[in-house]
Amino acid sequence: MAEPEPAPAGLADAVLLAPLTEDSFLHNLHVRYKRDIIYTYVGNALVSVNPCRALPLYSAELVRTYLARPPYLLPPHLYAITATAYRWVRDRNENQCIVITGESGAGKTEAARVCLQCAVVAGGGGGGALAAAGTLLEAFGNAATARNHNASRFGKLLDIEFDFKGEPVGGHITHYLLEKERVCRAAEGERNFHVLYQLLAGADAHLLKRLKLQRSWEQYRVLRGGAGCAEGGGAGAGACAGCAECAGAAAGAGAGGGASPRRAPPQPPPGPRAPQADRDHFAFTKAAMGALGFSAGQCGAVLRLLAFLLKLGNVQFEPQHNIDGSIGTRLQHEYELREACALVGVEADALVSALGAAPPLATHEDGAPHEAACSVEEECSSEAGSETEGAGAEWARALRDRLLCALYSRLFTWLVNAVNDAIKPAVVGARRSLGILDVYGLESLAHNGLERLLINYAAERVQAAVTAATLRREQEEYAREGLAWTPLPYADHELYADLLDAGPESVLGTLRECSARGASDSVFLQRLQRRRHPRLLVLPPDRFQVVHFGGAVVYSARGVVQKNRDALCRRCAAVLAAAREPLLAALFAPGATAYAGSAGSPRRPCALACRQRALVGALVRRLPPAPRLVRCLRADAALRPHRFDGALLRHQIRTQGIMDMALLRRAGWCESMCARSVVARYGVLRARAGVAAPASPVERDEPVRAARALLRSLPIPSAEFAYGRTKVFIRSPRTVWELEALRAARVEALVRAAQRAWRRHRARARHRAARRIALAWRRHRQRRAAPRAAPRAAPRASEPAQNMSSEAGASAAACAAEGGAGGAGGAAGATRVIWRAWCAHARRCYLAALWARLPARHRSPACAAWPPCPQPRLLARTDALLRRLHHRWRCHLYRRAFDQTARNRMREKVTASVLFKDRKLNYARSVGHPFVGDYVRLRASAAWRRGLGAAAADRYVVFADVVGKVARSSGRVSRCLAVVSTGALLLLEARSLRLKRRVPAHCVYRLSLSPYADDLLVVHVRACGGLESSTEELSQCSSREPLDAPGCLFGGEGAWRRRGDLLVRTCHVLELATKLFLVVQNAVGAPPHVNIATEFEANFGQQMVTVSFHAVGGAAGDGGARLLRRGSRMDVLL
């Protein structure tokens, strides 16, 4: 069979190609690309070829056109994909997601922006904040690379929430792994993040002077790219810390190899962005921050932090020979450091001391350091790691670069959180959302480190989820439903992804284990080499190669284990946390970021690879089974317009599985629906006139037969449908739209019929009311006219009913009874009628306006807001009744939204209110803070789950926090971990989780506190060895020691004198007392006594001591407490 002549502009849907081969598909793309037609359908997916230039393809009028007409009547476009997803959200009430994939430089960022603009216009144009959020994050998260002038250096998922009318009401952005290493180390021919260039080019002279910046970007090392990596100095100073390429170049050049930027001016920043473009984009960035509600103070703080980053990047460190012969570190460009610290209020000397400190000593082969310079949670290991000349300078440069990366990464996370706060819906509720996923593209640059590995891993996992998993799932569904189907072969992309994260022997699993054990990079490479996988190759001395779905990528293993720990030196973080700039202090405060370990936590911070793996796993799980796919292709490697590289496009078509999807769509079906859903959605098409008939028993029992009968009655060919055991399969997207069009026409006809019926009913009701009013008016006029027509001489009182009709006689009798004052009586009746009518009108207006003025549903039932009553004398009782009913309804909604955890927390809050309200001074401040319980994440600790520190009965954690245990002899405070389980109060070592003391719940009989705002709690413990002791407690004593032996917790008669009561200090004193109160109540059956007094007695083991609280100078105890032990008294000075 000869190949048919192709159309002049190619085929809009590649599935219709005959024959459907890779060559015909590529030829069709080429024919359309030459005519500037960059979009092509592949079934219900879209292929977009990057034209590398601006095309007049986008406008608001075109969006409305795609919304008004079916997509198969219009050319392929991104608007068609977005409009279809929007219709499904609005009409079908289903969540949708548009997944945009492709290599770096294929146009994914631009495609995501077009989809967002289309969704905003489709929703009525009310999503200006969403567009501003995209502009702001593009400035802070995009950069120019060797393959893309506007490459996203982070992945993002934008969820746009719509209300029932289809209008956008808010959104949420989830970001994935910003490439923060670019901040201090941009490769040759690449740029740093856009906002840094925009600040220098777009800021006016006064702003630059306040920020102490210069206009030229060549003055800043972090912006010079590869030309700025060299740092002048002595030996070893020509290499950037951690940069393998620069290190090799410096070693080859010798001591004088680093050329000065003043002698060799760097090249202009890459990309088509001229200074004028950067100035314009800086104006757009500032406008976006204003549209998102950033205050002037917040904008100024962000700019000061960027200036601090630029100037701190210019600080240089060189080795110097001291008089005693040792090798020290000398600071260059000290004025840059002083000016940078003055901008944000950081102590310059403290920062110099933190950066210039001596590096830690070398590590053992197993990774254990000889001498730790920092804490375990924030370990700082030098890449040099040896006592060689220049090691101190390299260590200082490494700390500086790590500090710059952490600063920019935390600033970006803060921006994303602020954007989410600005675009979140005003009213909380369950809504449908449209997601736009712009993920990383597979990259292979000159230098590929850990961050490139994680970026390619995310691209690998998403590609496997949307391609291989879709192909496998759909073919398995065809076989499961019993359709005649021949399985199609396809490239299994999941095998490539499993190499990276499946099991402990995978690349990321090996990296995680090496990071946890503190192993070196060589150990990591040795373990990879033992894997012996055909797609994994180790290249000595410090590189390894991974074959991804898009080709092989060579990664550098230099410092990969240390980078995975993602640790920041605690000294540097403490210096920045003490800054006078509030934003900088908040970014480096303990527990300020999600990846920083909380204070006092026994767990290490999560590694970088573990965080990325968890985020990507959550992303893949939340993707719908059939997302809207947009495949972006790059037509030219150098991004030149009017170029079509067939070999490059053929490689992308193969790696992205586009031909497999096209063959599946050609031989299979584009959509499948449950038969019951088909009958439920399109059942209105059964009855052509009148109301649709109810579902018959056959439809309820055999939905497939009912769906077949329904679809055969429609004017659609039967070949477009296939019927499985439980589902109905639809051949083409056009058939889906025809079904939707028939349903929409039928629903419109039914709505019009309902409107006609309503208008008819309303007209009839008005006509009947008008007739009643006219009849009543005529009767009223007759009653008024009858007395005037009667003669003056009225007949005798006993004969009126005999001479006039019954109605006239009644009216005359009423007038006679009123003494001839008929006019006055009529006026009084009319007044009553008007009063009743006005009262009814006032009630209707009150009820009609009350709904719009009610307080929001998400407000707490404790909120006493209520609209004022417009007519208190008339509607006071009604208003009070409605207010009570509305309060009960809101309480019902509040209770219905509770799960078991929320019920437990509410029970704890109510218990705290009963115990401490109006009795403890700091109770009012604790009301708005929920009880967290596990403040140190002890439940997630592997050591705790293994049983370290507690028996099986004490494994469930009710409360855990680092507290201060008061020494009864001196009043000094020592830190320990307090854990309240369901049966005891445990005191553990904070790091080793070693058990120091266990107080069973039934031994606690009283809790004592002061009425002030202090943080002291006294737990009164019964004497052990009495009737209250249990066998479990006694079993904790060693059978080889006497009961009165020293160290025996549960000994004989004198043991309680050695232990005594427990005094602890904690900032969560009310929560600890409440939870301990409930635990004792549940364990014993009776609550302990809660004593709140300024003076009480406590058992200190050897004697009874009076604890007395004194508010010095009338203070309430907000400034802390000081404990003094004096004989048999302990004074607490507040």
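The model on screen is predicted.

**The α14 and α15 crossing**

Now show α14 together with α15, residues 494-501; their axes cross at roughly 140 degrees and come within 8 Å. The pair is therefore oblique. The crossing of α14 past α15 is left-handed.

**From α14 to α23**

Keep α14, which spans residues 450-480, and bring up α23, residues 658-667. The angle between these helices is about 20 degrees, and their axes lie 11 Å apart. Angles under 35 degrees count as roughly parallel, so α14 is roughly parallel to α23. Here too the crossing is described as left-handed.

To see the residues involved, select Thr-470, Leu-471, Glu-474, Gln-475 and Tyr-478 on the α14 side. Their partners in α23 are Asp-660, Met-661, Leu-664 and Arg-665. This contact is made up of four nonpolar, two polar and three charged residues.

**The second largest pocket**

Which element gives the most to the lining of the second largest pocket? It is α14, with six residues. To find the centre of this pocket, select Asn-44, Arg-628, Cys-670, Glu-671 and Pro-733, which lie nearest to it among the 48 lining residues. The volume of the pocket is about 1,400 Å³.

Colour the elements that each supply at least two lining residues: the helices are α3 (78-91), α14, α23 and α27 (733-789), and the strands are β14 (628-634), β15 (671-674) and β17 (727-730). Both helices of the roughly parallel pair, α14 and α23, are thus among the contributors. Colouring the lining by class gives 26 nonpolar, eight polar and 14 charged residues.

**The α10 and α11 pair**

Move to α10, residues 296-313, and α11, residues 334-344. Their axes come within 9 Å and cross at roughly 165 degrees. How are α10 and α11 oriented to each other, roughly parallel or roughly antiparallel? They are roughly antiparallel, because angles over 145 degrees count as such. The crossing of α10 and α11 is left-handed.

For the contact, select Arg-304, Leu-305, Ala-307, Phe-308, Lys-311 and Leu-312 in α10. On α11 the residues they meet are Glu-336, Leu-337, Glu-339, Ala-340, Cys-341, Leu-343 and Val-344. Nine residues of this contact are nonpolar and four are charged, and none is polar.

**Backbone stops**

Most residues other than glycine have a negative phi, and most peptide bonds are trans. The remaining stops depart from this.

- Select Ala-18 and Pro-19: a cis peptide bond joins them, with omega about -5 degrees. Pro-19 sits in the segment before α1 (22-34).
- Select Pro-540 and Pro-541: the peptide bond between them is cis, with omega about 10 degrees. Pro-541 belongs to the loop between β11 (536-539) and β12 (543-548).
- Select Lys-212: its phi is positive, near 60 degrees, and it is a residue other than glycine. Lys-212 lies in the loop between α7 (205-211) and α8 (244-253).

Notes:
Residues numbered from 1 in each chain as written. Predicted model: local features only at pLDDT ≥ 70, side-chain atom pairs only at ≥ 80, totals over all residues. Heavy atoms only, no water. Axes fitted to C-alpha atoms, helices over the stretch in contact; angles between N-to-C directions. Helix = DSSP H or I, 4+ residues; strand = E, 2+ residues; numbered from the N terminus. Parallel < 35°, antiparallel > 145°, perpendicular 65-115°, else oblique. Left-handed = near helix turned anticlockwise from the far one by under 90°. Contact = heavy atoms within 4.5 Å. Nonpolar A, V, L, I, M, F, W, Y, C, P; charged D, E, K, R; others polar. 1 Å grid on protein atoms, 1.4 Å probe; cavity = no way out; pocket = protein on both sides within 12 Å on 5 of 7 lines; lining within 4 Å. Points joined across faces, edges and corners; volume = space filled by probe spheres on them.
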